[in-house]
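I shall write down what I look up in the order in which I come to it.

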Amino acid sequence: MRRISIFGATGSVGENTYDLICREGGADAFHTVALTGGHNVARLADMARTLRAEVAVTAHEENLPALREALAGSGVHAAAGSQAITEAADRPADWVMSAIVGAAGLVPGMRALAHGTSLALANKESLVTAGELLLATAHSHGATILPVDSEHSAIFQALVGEDLSAVERIILTASGGALRDWPMERLAKATLAETLAHPNWSMGQRITIDSASMFNKALEVIETREFFGVSPDQIEVIIHPESIIHSMVGFHDGAVMAHLGMPDMRHPIGYALNWPARQRLPVAKLDLAALGALTFRAPDETRYPALRLAREVMAQRGLAGAAFNAAKEIALDHFIAGGLGFMQMAGLVEATLDRLSSETRLGNAVGGLDDVLAMDHLARVRAGEIALEMRAG
Ligand code: NAD
Ligand code: MG
């Protein structure tokens, strides 16, 4: 029986993964090693009982008594804290879903790869903060990384049987998020609720806000650069409001391969779960006649400074990705808490990168995971300080 684990099982990607596992036979077809979650202990315990998991882990120590109680008599071991999550990633498994949100997903993903496990990677932050390390770890342990981000799954699929040297460019599509049709001058006043009204995709809160600010696309541009090894000038972004084309690969002979489908994360998750085979998935059939038209427009970088910042990060490489992601996470925390306006998020990230470049060499080669974690920490501290200055000013 295939041994599987889901890190971030109670989130949006985690729930979709759980749904597919259950549809493909659940505990009768898979041996579930570990499921992890956060504050939603009841849901985590429910999933762990259904899949008869070896262990269920909540990220928060204070939730351990509640998790233990919810799992009483089930035979599922309960654990808590980030160390317990890392230990869960050390348990032998064949396929692991990395769907924790934020840089917290990096260490468990690295550990799974170091055991030679196939890693279905939704956690794009891993590639942004430590792309080179992650790929090197996979390579040296014979592990496979399967992209789950819909764009990267689309590109991965368009490249099956192709030679990377024949690729001229990769075109990432972006929905534009909830505020894409707002006049520029209104953006500064966008509220959390307005930002969360995504037109096409149902996702976790953080990535939904990142969609509206294009920080999500900025992370994905870097993710593309790291995962596929193309150069930054080969990566383009286009706004495609319908979210039907999930991305495209352009070849030197003029051909452009597009991947189309309804916007449903169960497609890329299911592709990664069944790869290299394809299985029937519960994804609605694409009806192009009903859709009528697919539209496109170029993104305006004054409206989306995140895209410009991504280019600067790619030019620096080294630890710049770790700094960028951490500053972005802090900016998002402040926007969610109401302390920073929508357009101030990019301002905070840019100011953090500027301050860090004056005190350290962001482009320094990455020696190991400790360097990445130290930069992640430093950038969070600096971003926190600058956020306070911005609020005071
Ligand atoms: P989410 O917020 O819905 O779920 C996040 C999960 O991670 C939850 O289980 C939560 O308990 C857990 N978690 C949060 N903080 C944690 C921490 N510090 N330590 C351990 N666990 C923690 O997020 P999501 O939308 O499912 O996104 C998960 C990842 O997948 C992100 O990296 C996101 O960018 C990526 N992704 C998501 C989608 C989508 O459709 N939601 C699409 C593409 C990529
Ligand atoms: Mg995506």
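Predicted model: local features only at pLDDT ≥ 70, side-chain atom pairs only at ≥ 80, totals over all residues.

Asp149 has 8% relative accessibility and Glu151 has a relative accessible area of 8%, so each counts as buried, the cut-off being under 20%.

I then turned to the sheet, which is open, has 7 strands with parallel pairing, and runs in the order β4-β3-β2-β1-β5-β6-β7. I found β4 (77-80) and β7 (145-147) at the edges, where each has a single partner strand, so one side of each lacks a neighbour in the sheet. Neighbouring strands are turned by 20 degrees against each other on average, direction ignored.

Within this sheet I followed β1 (residues 2-7), which pairs with β2 (residues 30-37) in the parallel sense over 4 bridges, and I noted that Arg3 stands opposite His31 in β2. Helix α1 (residues 12-23) lies across β1, β2 and β5 (95-98), and runs at about 155 degrees to β1.

Last, I checked a helix pair: the axes of α10 (residues 205-213) and α15 (residues 320-337) come within 11 Å and cross at roughly 100 degrees, and the two helices are therefore roughly perpendicular to each other. Among the residues making the contact are Arg206 and Ile209 of α10 and Lys328 and Leu332 of α15, and by class the contact has 4 nonpolar, 1 polar and 5 charged residues.

Technical notes
Residues numbered from 1 in each chain as written. Chains lettered and ligands numbered in written order. Heavy atoms only, no water. Buried < 20%, exposed > 50% of the residue type's maximum accessible area, 1.4 Å probe, protein only. Axes fitted to C-alpha atoms, helices over the stretch in contact; angles between N-to-C directions. Parallel < 35°, antiparallel > 145°, perpendicular 65-115°, else oblique. Contact = heavy atoms within 4.5 Å. Nonpolar A, V, L, I, M, F, W, Y, C, P; charged D, E, K, R; others polar. Pairing = 2+ DSSP bridges.
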